[in-house]
Amino acid sequence: MTTPPPSIDISGSSDGGGDDGAASDGGGDGASPNAAPAVPAPDPADYPGMDENTEEGAQQFTRYFFALMIWGYETGDSSIIEELYLDTCSVCEANVESMRKYDELGVAWTPVEVDDAVLETMESDSSEYQRMVHYEATVSEHDEPQLDGSEPVAMPSTHYKLQLGINWEDGAWVVGGAALEVDTAS
């Protein structure tokens, strides 16, 4: 079955969901169970060549872009990823809007592990993009807060298929368009 999880909006509309933003009661470590975890941003050094106008560079940039998307859901921080796409990418903007809502409410996904499955450059069927990159990865089980204040949803291991249409502009890759499919295991 192919359905997007509630927190990833690939159509541009929101399903709601979230946390009530209540402060900690002072017990334990003071962190709310839905508060954004201290997760470091993906390190560009872990994606060698992404700063090069090559096929491998395009692939590494795509892996980095996906890592930033997941990190945005884990932290509510969309500041880095926002610099990497054009306003023509509605899938990018819809996901960033969800990250912004998480940030406003102080909620986030629980940390996840990402396992790469497929990474390949495809022939571009459009003159809009210099490269098309297909990337698939599996994200481990995690909890996703709901923006309507209801309880977080436990998500199973989830397989993502991401296609990016990218161009080399001013010495860096930039996303012009994207397609995203999400498959949850039953």
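**The buried interior**

Modeller: Cys89 counts as buried, because its relative accessibility is 1%. Buried means under 20% relative accessible area, exposed means over 50%, and partly exposed lies in between, with a 1.4 Å probe and protein chains only. This is a predicted model: local features need pLDDT of at least 70, side-chain atom pairs count only at pLDDT 80 or more, and totals for chains, interfaces and linings use all residues. Residues are numbered from 1 along each chain as its sequence is written, and side-chain values use heavy atoms, with hydrogens and water left out.

Cys89 is bonded to a partner. A disulfide joins Cys89 to Cys92, with an S to S distance of 2.1 Å. The criterion is a pair of cysteine sulfur atoms within 2.5 Å. A search of the whole structure finds 1 disulfide. Its S-S torsion is about 70°, so the link between Cys89 and Cys92 is right-handed. Cys92 is at 6% relative accessibility, so this residue is also buried.

Cys92 leads on to a void. The lining of the largest cavity includes Cys92, along with Phe65, Met69, Ile81, Tyr85, Val91, Asn95, Val96, Met99, Leu162, Ala178 and Leu180. On a 1 Å grid over the protein atoms alone, a cavity is a set of points where a 1.4 Å probe fits but cannot get out; a pocket is an open set with protein on both sides within 12 Å along at least five of seven lines; lining residues have an atom within 4 Å of a point. The structure holds 1 cavity of 30 Å³ or more. The largest has a volume of about 70 Å³. Grid points are joined across faces, edges and corners, and a volume is the space filled by probe spheres set on the points.

Which elements supply at least two residues each to that lining? They are helix H1 (55-75), helix H2 (90-105) and strand E6 (172-184). H2 gives the most, with 5 residues. Helices (H or I, at least four residues) and strands (E, at least two) are DSSP runs, numbered from the N terminus. By class, the cavity lining has 11 nonpolar, 1 polar and no charged residues. Nonpolar here covers Ala, Val, Leu, Ile, Met, Phe, Trp, Tyr, Cys and Pro; charged covers Asp, Glu, Lys and Arg; the others, Gly among them, are polar.

Now the packing. The largest nonpolar core has 37 residues, and Phe61, Phe65, Phe66, Trp109, Ile166 and Val175 touch the most other members. H1, H2, strand E2 (131-139), strand E5 (158-169) and E6 each give two or more residues to this core. H1 provides the largest share, 11 residues. Such a core is a set of buried Ala, Val, Leu, Ile, Met, Phe, Trp, Tyr and Cys residues joined through side-chain atoms within 4.5 Å. In soluble globular proteins, nonpolar side chains tend to be buried together.

Take Phe61. Beyond its neighbours within four places in sequence, Phe61 is in contact with Met50, Leu84, Leu164, Ile166, Trp173, Val174 and Val175. Contact means heavy atoms within 4.5 Å. Leu84 counts as buried because its relative accessibility is 16%. Its C-alpha atom is 9.7 Å from that of Phe61, 23 residues apart along the chain. With neighbours within four places again left aside, Leu84 is in contact with Phe61, Tyr64, Phe65, Leu68, Val174 and Val175.

Gln60 belongs to H1. Gln60 is buried, with a relative accessible area of 11%. Outside four places in sequence, its contacts are Asp46, Tyr47, Pro48 and Met50.

Tyr47 turns up again at an open site. The largest pocket has a volume of about 270 Å³. It is lined by 18 residues, and Pro42, Tyr47, Ala67, Ile70 and Val114 are the closest to its centre. H1 and strand E1 (114-122) each supply at least two lining residues. H1 gives the most, with 6. The pocket lining divides into 12 nonpolar, no polar and 6 charged residues.

For contrast, Asp170 lies in the loop between E5 and E6. Asp170 is exposed because its relative accessibility is 84%. Its phi is near 50°, a positive value in a residue other than glycine.

Finally, the whole chain. There are 2 helices and 6 strands, in the order α-α-β-β-β-β-β-β. Of its 186 residues, 42% count as buried. Among contacts between residues at least 6 apart in sequence, 64% join residues at least 24 apart.
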